[in-house]
Amino acid sequence: MSYPVHRNALTACALALILSSPLAQAGKYDADRPGGADHPLLSRYAGSTLYLHGEESYASARTLVAGKNGPVEKTVEGKISNRMYFGPKGRGSLEIFRNYQAALRGAGFDTLYECEAAQCEKDRTQSKIVRWAQGAQWADNGQSDAYVIRLFEYKPGFHYIHARKDAPAGAVDVQIALRTGEESDANVQGRAQQFMQVIEAARVEQGNVTVDASAIGAALRKDGRIALYGILFDTNKAVIKPESKDTLEQMAKSLKNDPGVNVFIVGHTDNQGAVDANLALSRKRAQAVVEALSGQYGIAPARMQPHGVANLAPAANNADDTGRARNRRVEMVVR
C-alpha cells in the first residue's frame, strides 16, 4: 500500500468530512476545479481530483472528540480550509482512510476521535456531520449549496478521523471523513469521496473596535474596572503599536472627563512562557501605557499606577487561542 504525500511541516488544526455529489456530468470529476489546489499543509490521496474548495480567514467549526459515552462535539476557531476530493477508481474508502491515518500519525498528530463504518453508524457520526456540511464555505456557493444538503445520506464505507497537532504557532486539527462512491452515478461509482477541513490556529486581529470614553467611564463607575483590547503589542515586547492610538485617546478622554478618578493600569498576559517572565512583561506594558497617557495626552502620572499580573487573573481558559486572546489585555481599575 502506498501512502499519499503529506507535509511534515503541518502546523494547523483540521476538520475533514466526506461529501458525495449527485450531479452526473461526464468529465466533471476527472479534473481539478479551476482555482483550487491542495492545502499547503496536507495533500490529497494520490490520484484524487479536487471537486470543491473554500476558505475562511477566521471562523468556527464543530469537531468530534472522544468522550466517555461516545463522541462529543467541540468547537474550534481559526483559519478554515475546506476541500472535497473524488478518489481514483479502484481505491476503496478504507484503503484511502488508512493512508490518511498513517500520514497524520507520521506527522506527529494525536487522534482525538476516529471511527470506521460500523462504529461510525453506532456513534451516529454521519448524522452529526451532515448538519455541519451545509454550513461549509465553498468558492462557488451558488452551485455547491444546491446539493450539499443531500451529500450525507447513509451509504456504506463511511470513515472518520479527527487528529490534532500542537505547534508553536498554535494547535492544528485535521478531520477527514470518507464514504464510497455514488452507485447511481456512473461518473463517480467506485470513487471514494473525501472531505477535508483544515483549521489553523489564528490570532484575531485586535484593535478594530474602540471602546469610547463614555463607555469607559460608565464601566469604571459601575464595575470599578474595564478590560481594554485595543492596546496592542508585538509578542514578548512592551512597545505600544501605532494602531493603539484610538484606544489611548479614549482612555485619556475618560480620565479628563472624571478628574477625581485615579486608576491602576494593569497588564495581563496569556499563559505562554514562564510566569516570572510574563510578570515582568506585563509590568513593562502597563508602564508603557502610563507613559503614553502622561507624555502624549497630558494625564498626571500621579493619577495612574502601573502593575502587571501576567496570567494570574485570566478572563478565559488558556487552553486554546481564543481564550488566550481574551487574556491578553490592559485593564483600568479604580484605585
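This is a predicted model: local features need pLDDT of at least 70, side-chain atom pairs count only at pLDDT 80 or more; totals for chains, interfaces and linings use all residues.
**Stop 1: helix α1**

Select residues 93–106, which form helix α1. How many residues does α1 have, and what should they span? There are 14 residues, and at 1.5 Å a residue they should span 20 Å. The end C-alpha atoms are 20 Å apart, which agrees.

Now colour the buried residues of this helix. They are S93, E95, I96, F97, N99, Y100, Q101, A103 and L104. An α-helix has 3.6 residues a turn, so residues three or four places apart point the same way.

What covers the buried residues of α1? The cover includes β3 (70–86) and β4 (110–115). It also includes β5, β6 and β7. Show these strands together with the helix.

Then step past the end of the helix. G108 follows α1, and its phi is positive, near 90 degrees.

**Stop 2: G170**

Stay with two of those strands. β5 covers 159–165 and β6 covers 172–179, and G170 lies in the loop between them. Is G170 buried or exposed? It counts as buried, because its relative accessibility is 9%, under the 20% cut-off.

G170 and E200 are 30 residues apart along the chain, yet their C-alpha atoms are separated by 7.5 Å.

**Stop 3: Q194**

Move to strand β7, residues 193–200, where you will find Q194. Q194 has 1% relative accessibility and therefore counts as buried.

Show its side chain. Which side chain does it meet in a polar contact? The partner is the side chain of S48, at 3.2 Å. The backbone oxygen of A192 lies 3.5 Å from a polar atom of the Q194 side chain.

**Stop 4: helix α6**

Select residues 245–257, helix α6. The helix has 13 residues. From its first C-alpha to its last it reaches 18 Å, close to the 18 Å expected at 1.5 Å a residue.

Which residues of α6 are buried? They are T247, L248, Q250, M251, A252, S254 and L255. The helices are α5 and α7 (275–297). The strands are β8 (225–228), β9 (263–268), β10 (304–308) and β11 (329–334).

**Stop 5: the cavity**

A search of the whole structure finds one cavity of 30 Å³ or more. The largest cavity holds about 40 Å³ of space.

To find it, select G217, L220, R221, S254, L255, D258 and V261, which line it. S254 and L255 were already on your list of buried residues in α6.

Which helix gives the most to the lining? α5 does, with three residues. Both α5 (213–223) and α6 supply at least two residues each. By class, the lining has three nonpolar, two polar and two charged residues.

**Stop 6: R326**

Finish at helix α8, residues 321–327, and pick out R326. With 44% relative accessibility, R326 counts as partly exposed.

Which residues does R326 touch, leaving aside those up to four places away in sequence? The list is Y229, A315 and A316. R326 and P314 are twelve residues apart in sequence, and 8.2 Å separates their C-alpha atoms.

Methods. Residues are numbered from 1 along each chain as its sequence is written. Side-chain values use heavy atoms; hydrogens and water are left out. Helices (H or I, at least four residues) and strands (E, at least two) are DSSP runs, numbered from the N terminus. Buried means under 20% relative accessible area, exposed over 50%, partly exposed in between (1.4 Å probe, protein chains only). A polar contact is a pair of N or O atoms within 3.5 Å; within protein, one must be able to donate a hydrogen and the other to accept it, and residues adjacent in sequence count only if both atoms are side-chain atoms. On a 1 Å grid over the protein atoms alone, a cavity is a set of points where a 1.4 Å probe fits but cannot get out, and a pocket is an open set with protein on both sides within 12 Å along at least five of seven lines; lining residues have an atom within 4 Å of a point. Grid points are joined across faces, edges and corners, and a volume is the space filled by probe spheres set on the points. Ala, Val, Leu, Ile, Met, Phe, Trp, Tyr, Cys and Pro count as nonpolar, Asp, Glu, Lys and Arg as charged, and the others, Gly among them, as polar. The expected span of a helix is 1.5 Å times one less than its number of residues. Contact means heavy atoms within 4.5 Å.
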